[in-house]
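Please find below a note on the model, arranged as numbered points.

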Amino acid sequence: MQKKIFLNEKDIPKEWYNIQADMPHPLPPPLHPGTGEPITPDMLAPIFPMNLIEQEVSTERWIKIPEEVLEKLLMWRPSPLYRAYALEKFLGTPAKIYFKNEGVSPPGSHKPNTAIPQVYYNKVFGIKRISTETGAGQWGSALAFACNQFGLESKVYMVRVSYNQKPYRRIMMETWGSHCVPSPSPDTNAGRKFLEGNPEHPGSLGIAISEAIEDAVTSKDTRYSLGSVLNHVLMHQTIIGLEAQKQMAIAGDYPDIVIGCCGGGSNFAGLAFPYARDKIHGKNLRLIAVEPTSCPTMTKGAYVYDFGDTAQTTPLLPMYSLGSGFIPPGIHAGGLRYHGMAPLVSRLITDGLIEARAYNQLETFAAGLTFARTEGFIPAPETNHAIACVIEEAKKAKEEGKEKVILLNWSGHGIIDLAAYDAYISGKLTDYAFPDEEIKKLTEKLKKIA
């Protein structure tokens, strides 16, 4: 019985996989909100360095990972693949459950897989300072860590409800030298506007993005960095799935089902896209992206052109959306509260290559406790959504008497999220499903994509 499957450091993938080279239908272009015409790379230059813009629009299948990036990734990569024997036994399922442990990075999640290369490319381009937003704090701490590694300054706008719920994430960012403020903040025009309407505004990822972009375009030697949604971000994360494919081959198994939680799309895509390539070329497997019922972007949103932020400063992106005016409830899975979804994930849903599923908050925490009490690791609240789906599929396999192979992206640990577990265990959490009529109001005027 082999519990953990490691790769040697020399076997770490040397290239990222770009799914744009294999998609059945090309991605619709982002549009300029004023003209309705496709944007050009130079329009993005005040926000991102040109070397990352080139990756964003690239359709090359493989992109070489720079040696300087690989050197940093080797601090925790290749990450181990585990067989969840104890969870299988507890469920009494014939399914084989594997999980890729992305909680072993210094900030404790998958996010540094793209933070490291993004900061590297900014430094190569001559940028001195980076602004960004964060929901649960996983991305903000990852960017703070990466900026520290390459000697750049950073400022993080953290969604206020998470800033208050998760002070240790803020302390992590400050430990790595970053400046973290709650969003909405008085530091930007966008933040002041929302605070005028509600001084206790809980914030949203869309508002924090607006603040971070405004900071980038109005500050010297500064660019903006995003932890999910964009094409190059999802591509950087494919190192997860590329490693997993090598490890699953060592285990002698191939997944029937690949599962990941999905807020902006990066951790799900990181594991799933290399397998989506297999599926496009004929393999028979299912790819399931999981979200909360309180932010049902993929399961109830519309496939539209919408702004990526709440202040409506970004280009119009082709994606599933609940409307950029969506203000999410204060659930504890802060990383899954974004109104939109990565254009690449959205396109593959419409092509029938990815399934979407939503779970209530209480069911996800019950799943997280089951995982912690069998496999030992305490998952992040976001990861609990994927675990709830794994458990449902494992129970189905039991009912059907089939030995399915399930592969999970265990996207981060929950050691900094113990207050959420405390709230669940003490019965203070409740379920909340975002009302259909509200979704209709927020999306009815948006431009639908055929």
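1. Two strands pair if DSSP finds at least two bridges between them; helices (H or I, at least four residues) and strands (E, at least two) are DSSP runs, numbered from the N terminus. On that basis, T132 stands opposite V156 in β7. Strand β6 (residues 129-134) pairs with strand β7 (residues 153-159) in the parallel sense, over six bridges.

2. This is a predicted model, in which local features need pLDDT of at least 70 and side-chain atom pairs count only at pLDDT 80 or more, while totals for chains, interfaces and linings use all residues. Residues are numbered from 1 along each chain as its sequence is written, and side-chain values use heavy atoms, with hydrogens and water left out.

3. An open sheet of four strands, paired in parallel, runs in the order β8-β7-β6-β9. Because β8 (179-183) and β9 (222-224) stand at the edges with a single partner strand each, one side of each has no neighbour in the sheet.

4. Y224 is among the residues that touch the most other members of the largest nonpolar core, which has 90 residues. Such a core is a set of buried (under 20% relative accessible area, 1.4 Å probe, protein chains only) Ala, Val, Leu, Ile, Met, Phe, Trp, Tyr and Cys residues joined through side-chain atoms within 4.5 Å. Another core, of 27 residues, lies apart from it and includes Y359 and L408.

5. The whole structure holds zero disulfides (cysteine sulfur pairs within 2.5 Å). The sulfur of C261 lies 7.5 Å from its closest cysteine sulfur, in C262, and is therefore too far for a bond. C261 is buried, at 3% relative accessible area, and C262 is buried at 1%.

Definitions and conventions
Buried < 20%, exposed > 50% of the residue type's maximum accessible area, 1.4 Å probe, protein only.
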